[in-house]
Amino acid sequence: MNFYPHHIGDYMTGTAHLSWLEDCAYRRLLDVYYSREQAIPADVAQACRLVRASGKDERKAVETVLHEFFTAGDHGWTHKRCDEEIVKAKIAADRARENGRKGGRPGRTK
């Protein structure tokens with residue numbers, strides 16, 4: 001995905017307790033999740049590499065955020081809201097593709 005909705009109120013409410021590094025880690029993890037449209041790798045070191053967390057404090061922030069906001073599973077760290085938004089985007093893309101095959105979005109009727 002090249003775009004995802006960022007609901008500022010929801011984000012601020014859910015993350016107000018995070019440190020500056022944890023907030024950065026969370027945003028970067030979300031960006032990776034959406035851009036790849038798949039779970040964050042289960043290996044925390046690999047997840048850290050994807051979000052450019054190289055310092056000890058940065059890696060700890062990534063680990064903290066993964067444990068708090070993501071769910072560990074067989075395919076890596078998943079995020080429910082991200083998965084829902086990805087599904088919505090795929091549905092919208094399929095609809096747009098179908099309209100394109102038909103010659104574009106149907107005109108409005110009066």
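**Salt bridges and helix packing**

Mentor: Asp-94 and Arg-97 both belong to helix H5, three residues apart, about one turn of the helix. Helices here are DSSP runs of H or I with at least four residues, and strands are runs of E with at least two, numbered from the N terminus. This is a predicted model, in which local features need pLDDT of at least 70, side-chain atom pairs count only at pLDDT 80 or more, and totals for chains, interfaces and linings use all residues. Residues are numbered from 1 along each chain as its sequence is written, and side-chain values use heavy atoms, with hydrogens and water left out.

Trainee: What is the N to O distance in the salt bridge of Asp-94 and Arg-97?

Mentor: A salt bridge needs a side-chain nitrogen of Lys or Arg within 4 Å of a carboxyl oxygen of Asp or Glu. The side chains of Asp-94 and Arg-97 meet that rule, with an N to O distance of 2.6 Å.

Trainee: Is Glu-85, the partner of Lys-88 in a salt bridge, buried or exposed?

Mentor: The closest N and O atoms of Lys-88 and Glu-85 are 3.7 Å apart. Buried means under 20% relative accessible area, exposed over 50%, and partly exposed in between (1.4 Å probe, protein chains only). Lys-88 has 52% and is exposed. Glu-85 has a relative accessible area of 10%, so the class is buried.

Trainee: Which side chain of opposite charge is nearest to Glu-22?

Mentor: Glu-22 is in helix H2 and is buried without a salt bridge. Lys and Arg count as positive and Asp and Glu as negative, while His and the chain ends are not counted. The nearest side chain of opposite charge is 7.6 Å away and belongs to Lys-60.

Trainee: At what angle do H2 and H4 pack?

Mentor: Axes are lines fitted to C-alpha atoms, for helices over the stretch in contact, and angles run from 0 to 180 degrees between N-to-C directions. The axes of H2 (residues 20–36) and H4 (residues 56–69) are 8 Å apart. Their contact, meaning heavy atoms within 4.5 Å, includes Glu-22 of H2 and Ala-61 of H4. The angle is about 65 degrees.
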